[in-house]
Amino acid sequence: MENRTLGPLTVSALGLGCMGMSEFYGTGDEQESIATIHAFLDAGGSLLDTADMYGPFTNEELVGRAIAGRRTDVVLATKFGNERREDGSWVGINGHPDYVRAACDASLRRLGVDHIDLYYQHRVDKTVPIEDTVGAMAGLVEAGKVRHLGLSEASAETIRRAHAVHPITALQTEYSLWEREPETKVFPVLEELGIGFVPYSPLGRGFLTGQIRSADDFAPDDFRQHSPRFQGENLARNLEIVDRVKEMAEQKKCTPAQLALAWLLAQGPHIVPIPGTKKRERLTENLGAVDVELTADDLQHLDELAPAGVAAGERYPNMSTIDT
């Protein structure tokens, strides 16, 4: 697989999101999940993305077991800030310096490593100055526990303030054919400051694969059944986007998922999508996106099929946690 750069950090052109291996997208299978991680690394992939709140905590442990003996093959990214208890209950968003340091130490233990390559603030704590949070994160770099810093779902103003304290290597925010707000909100500041961009949910939480047609397609413990974009009239309108993408994918002789990922890769060399999957079959499909060639006419056609703001419904039931 080709490599790309997130600021000074070199990673594979596609990363692997590991969240669904432990929570949110139905029941997981640890053996298959670890096999999927190994297959990703064997294919030349390097960027693995997890977070302490996935599980909670169990996803980092799973990733740690999967990379044991293969640490040098991995660019390891994890996150802090969405604080949860062992029983899964939510505490809230926490960006206090003491918590930053404690969360990092806990992640290092669960992952079984001595450093984290890319450490993100998962959500911006609006009650704590970003300078204080990033100052604590910078201390982790100085201590050798973290190599690079990232933010997730941060506004342009927050990114500027954070970058003034310590260089920010990457921003992770939802971005796909049905969520294009970052193009106007944060892309200009990322380009100005030389910050890489990591789109999460690059397949619209699986919607752009064309496999989801109704709420009945979700397992009882799948959080997507509560997402506004998968409900009622919103779902019907959003299926029209999927059908248009599917039709073009057929013309390009690829799958809808591959087309959606190829579109993302074509948006710039600083963009590294992290499609999540817990199955080797889907991983193989996603990795095939790097071989899909899109012409200028193809890209224009996709812009017309899925223009900015086309998706119906909010991304989350509660958007108050997003820094805007």
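Modeller: First, a term. On a 1 Å grid over the protein atoms alone, a pocket is an open set of points where a 1.4 Å probe fits, with protein on both sides within 12 Å along at least five of seven lines. Its volume is the space filled by probe spheres set on the points. This is a predicted model, where local features need pLDDT of at least 70, side-chain atom pairs count only at pLDDT 80 or more, and totals for linings use all residues. Residues are numbered from 1 along each chain, and side-chain values use heavy atoms, without hydrogens or water.

Colleague: How much space lies in the second largest pocket?

Modeller: About 210 Å³. Of its 15 lining residues (an atom within 4 Å of a point), Ala154, Glu181, Lys185, Val186 and Asp323 are closest to the centre.

Colleague: How do the residues of that lining divide: nonpolar, polar, charged?

Modeller: 5 are nonpolar, 3 polar and 7 charged. Asp, Glu, Lys and Arg count as charged.

Colleague: New topic. Is Pro202 buried or exposed?

Modeller: Buried, because its relative accessible area is 2%. Buried means under 20%, exposed over 50%, with a 1.4 Å probe and protein chains only.

Colleague: What is Pro202 in contact with, leaving aside neighbours within four places in sequence?

Modeller: Its contacts (heavy atoms within 4.5 Å) include Tyr175, Leu208, Leu261 and Pro273. Pro202 and Pro273 are 71 residues apart in sequence, yet 6.2 Å apart C-alpha to C-alpha.

Colleague: And where does Glu285 lie?

Modeller: In helix 10, residues 280-287. Helices are DSSP runs of H or I, at least four residues, numbered from the N terminus. Glu285 counts as buried, at 16% relative accessibility. Beyond four places in sequence, Glu285 is in contact with Thr255, Ala257 and Gln258.

How values were computed: Helix = DSSP H or I, 4+ residues; strand = E, 2+ residues; numbered from the N terminus.
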